[in-house]
Amino acid sequence: MPYTSGVEPDAPEAPASLAERAVAACERVAPKLEFESFLIGVKGDLDEDAKRALKRDVGLALEQRWPERRVAFRRPDVVFIYDPAKDWVEPTVRSIYVYGRYRKLARNLTQTRTTWRCPVCRNKTRARVDCAPCHGTGRRFPDSVEELLAGPLAQAYASREFALHGLGREDTDVQCLGRGRPFVLELKRPRKRTVDLAAVRAQLADELVGRVELPAPLREVPGDLVPRLKGWVGDKAYRARCVATAPIELAQLGALQDLVETPIEQRTPARVSHRRVDKVRKRKVLSLALHAQPEPHVLVLDLTCQSGTYVKELVSGDEGRTQPSLSELLGVPCTCEQLDVLDVLVDCETLLGSEPPPPAIED
């Protein structure tokens with residue numbers, strides 16, 4: 001809530017008075033707020049010269065009031081907005097952004113929080129405590145990577161809201177291995193800003209054994225990394241266990257190499273068409289390697305694909321929505337029984353560096 005004196009002013013207050021109100025607003029809205037830098041903003045119809053003078057004078061008054069803090073014009077921890085028309089001072093706390101990479105080892109874990117109802121209790125308003133599948137949450141998937149990572153981090157930063165931003169995502173039943181998937185966890189309105197991320201990472205390692213791992217150190221990053229991360233176009237390596245409806249002969253396997261570097265047209269898969277735009281995307285398989293067949297009707301493939309390739313549909317054909325497909329080339333209907341992301345092919349320093357991101361793949 002904004003802090004207000006309850007008096008409608010005819011003119012802007014004196015800088016010293018506004019500085020004291022900024023202090024009061026800070027203590028009222030966010031007690032024990034930790035910050036080192038701040039900035040003053042002014043709303044309303046004041047002319048620009050008056051605004052600049054007011055912001056400068058209030059900033060100087062606050063620096064005298066807070067000798068351990070400073071005015072910062074780039075990424076201040078807190079911005080105090082003064083609106084003379086409404087007579088309030090409101091502090092806005094800048095989010096903290098923590099970068100890392102995660103491995104997802106569980107096959108029943110979503111990337112971000114979902115509200116899909118538990119198929120057993122299906123309780124809309126209050127979950128049944130005795131419902132084993134949802135652990136009393138009322139949700140089909142009680143946990144997510146987002147929530148598991150955010151628990152200790154949100155507690156450390158004293159933040160009640162958070163959001164996970166990932167470089168792509170994997171399906172709930174897909175493992176993400178190798179170097180892990182890059183992510184940024186946004187901690188909104190944190191009351192603390194000094195955190196031992198190495199200790200938090202060690203805590204997460206103890207709590208998430210067998211479910212999620214953090215193969216790289218956690219580090220704080222600027223918020224402008226989020227659009228860079230989400231817009232990054234990176235190839236990915238997969239391992240797919242494919243099951244055919246009939247035994248596959250050795251002579252048939254040579255046709256699989258026709259998938260490599262061949263333009264593949266993928267219409268939005270039927271399984272996600274209810275929430276994604278129905279369009280045809282052109283992608284490529286960059287490499288393909290075949291493991292020894294564990295059974296006559298089973299294939300295990302390692303593939304490197306362009307970003308945005310639907311691998312499950314690349315195997316099945318999705319009733320003709322993906323062409324060509326593994327099923328089409330083999331002449332035998334196949335399904336992807338198990339899928340793993342072996343690697344997201346971008347290193348941390350490249351992603352965090354200043355070089356421009358790779359060009360987007362045309363949809």
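Phe183 is buried, at 1% relative accessibility; buried means under 20% relative accessible area, exposed over 50%, and partly exposed in between (1.4 Å probe, protein chains only). Tyr102 is also buried, with a relative accessible area of 0%.

This is a predicted model, in which local features need pLDDT of at least 70 and side-chain atom pairs pLDDT 80 or more, while totals for chains, interfaces and linings use all residues. Residues are numbered from 1 along each chain as its sequence is written, and side-chain values use heavy atoms, without hydrogens and water.

**Aromatic rings**

The whole structure holds 6 aromatic pairs. Rings of Phe, Tyr and Trp (its six-membered ring) pair if their centres lie within 6.5 Å; planes under 30 degrees apart are stacked, over 60 edge-to-face, and the rest tilted. The Tyr102 and Phe183 rings have centres 6.0 Å apart and planes at 45°, so this pair is tilted. Tyr102 belongs to strand β6 (residues 96-104) and Phe183 to strand β8 (residues 175-188), so the pair ties together parts 81 residues apart in sequence. Helices (H or I, at least four residues) and strands (E, at least two) are DSSP runs, numbered from the N terminus.

Phe35, Phe38, Trp66 and Phe80 form one aromatic cluster. The charged end of Arg69 sits over the ring of Phe35, 3.8 Å from its centre. It also sits over the ring of Trp66, at 4.9 Å from the centre. The criterion is NZ of Lys or CZ of Arg within 6 Å of the ring centre and within 35 degrees of the ring normal.

**Cavity**

The structure holds 1 cavity of 30 Å³ or more. A cavity is a set of points on a 1 Å grid over the protein atoms alone where a 1.4 Å probe fits but cannot get out; lining residues have an atom within 4 Å of a point. The largest cavity has about 70 Å³ of space. Its lining includes Phe80, Lys55 and Tyr82. Elements giving two or more residues to this lining are α1 (15-29), β2 (37-42), α2 (48-65) and β4 (78-83).

**Backbone exceptions**

Most residues other than glycine have a negative phi, and most peptide bonds are trans. Gln323 and Pro324 are joined by a cis peptide bond, with omega about -10°. Pro324 lies in the loop between β16 (322-323) and α8 (326-330). Two non-glycine residues with positive phi follow.

Technical notes:
On a 1 Å grid over the protein atoms alone, a cavity is a set of points where a 1.4 Å probe fits but cannot get out, and a pocket is an open set with protein on both sides within 12 Å along at least five of seven lines; lining residues have an atom within 4 Å of a point. Grid points are joined across faces, edges and corners, and a volume is the space filled by probe spheres set on the points.
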